[in-house]
Amino acid sequence: YAQIGDLRLPISLDADSTDYDGKSSMLRFEGLRLSQGNMGVVADEGRASKLDFEDSVWRFDGNVVIDTENGRIECDSADLTFTEHELRLAIIEGDKATFEMVRPGSTEVTYAEARKLRYDLLTATVEFSGEAIITEGGNEIESELLVYDILERRIKAASSGETEDKVRIRYTPPPSDEDTEGDVEDEEADSEVDDEGVDENP
């Protein structure tokens, strides 16, 4: 995840081309590359009402990739909110927006996908909605709404209570020491949770 201290560094912006739409009062960039500290964003197109990061929302569309020191987000579009020259909030959307992160001091990858992500950089939480799935440490949790606390490694899942909208948890045990060939079939355990939510701390 992006560290807030790094977000106080200067912001660099490069683009293949830029123009100003007087009708909508919007700046438009093609082939946009934006970076600040260890955070970087590339997109086919970027738009903003002003070239200012004091208090503004930037819209990115087309093959959007957001990189941080330990993670990556890939999506169709993203709205990034800057306050006092710091990235505070990212609203991510896509047919299948993806989120990957490797925690410092670990090689384990946390992977998630959903139709929409809301990444609050101040609280280090990510809200996944719309066919959301998070995989971490052999646990796979699926629901319409998942909230991931990055610092606490806590996942909160909630469902609407409808039959087709359950919280599902799947655990795949690691191969045993005897599975030297590496081709022994994995055992999987599925479960459904009927209540409004569940906390999972892998």
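**Strand S10 and its partners**

Begin by selecting Glu142, which stands opposite Arg168 in S12. The structure is a predicted model. Strand S12 covers residues 167-171, and its antiparallel pairing with S10 comprises four bridges.

Next, select Leu145, whose bridge partner in S11 is Ala158. S11 (residues 154-158) is also antiparallel to S10, with five bridges between the two strands. Follow the chain through the hairpin of S10 and S11, where four residues lie between the strands. Arg153, in this turn, has a positive phi of about 55 degrees.

Now select Thr125, which faces Asp149 of S10. Strand S9 (residues 125-136) and strand S10 (residues 139-149) run antiparallel and are joined by ten bridges. The hairpin of S9 and S10 has two residues between the strands, and Gly137 adopts a positive phi near 55 degrees there.

**Ala48 in strand S4**

Move to Ala48, which belongs to strand S4 (residues 39-48). Is this residue buried or exposed? Ala48 counts as buried because its relative accessibility is 0%. Beyond the neighbours within four places in sequence, display Met26, Leu27, Val57 and Trp58, with which Ala48 is in contact.

**The whole chain**

Finally, select the entire protein chain, which contains 14 strands and zero helices. Of its 202 residues, 38% count as buried. The accessible surface amounts to about 11,100 Å², with 44% belonging to carbon and sulfur atoms.

How values were computed
Residues numbered from 1 in each chain as written. Predicted model: local features only at pLDDT ≥ 70, side-chain atom pairs only at ≥ 80, totals over all residues. Heavy atoms only, no water. Buried < 20%, exposed > 50% of the residue type's maximum accessible area, 1.4 Å probe, protein only. Contact = heavy atoms within 4.5 Å. Areas by Shrake-Rupley, 256 points an atom, 1.4 Å probe, with all protein chains shown as cover. Pairing = 2+ DSSP bridges.
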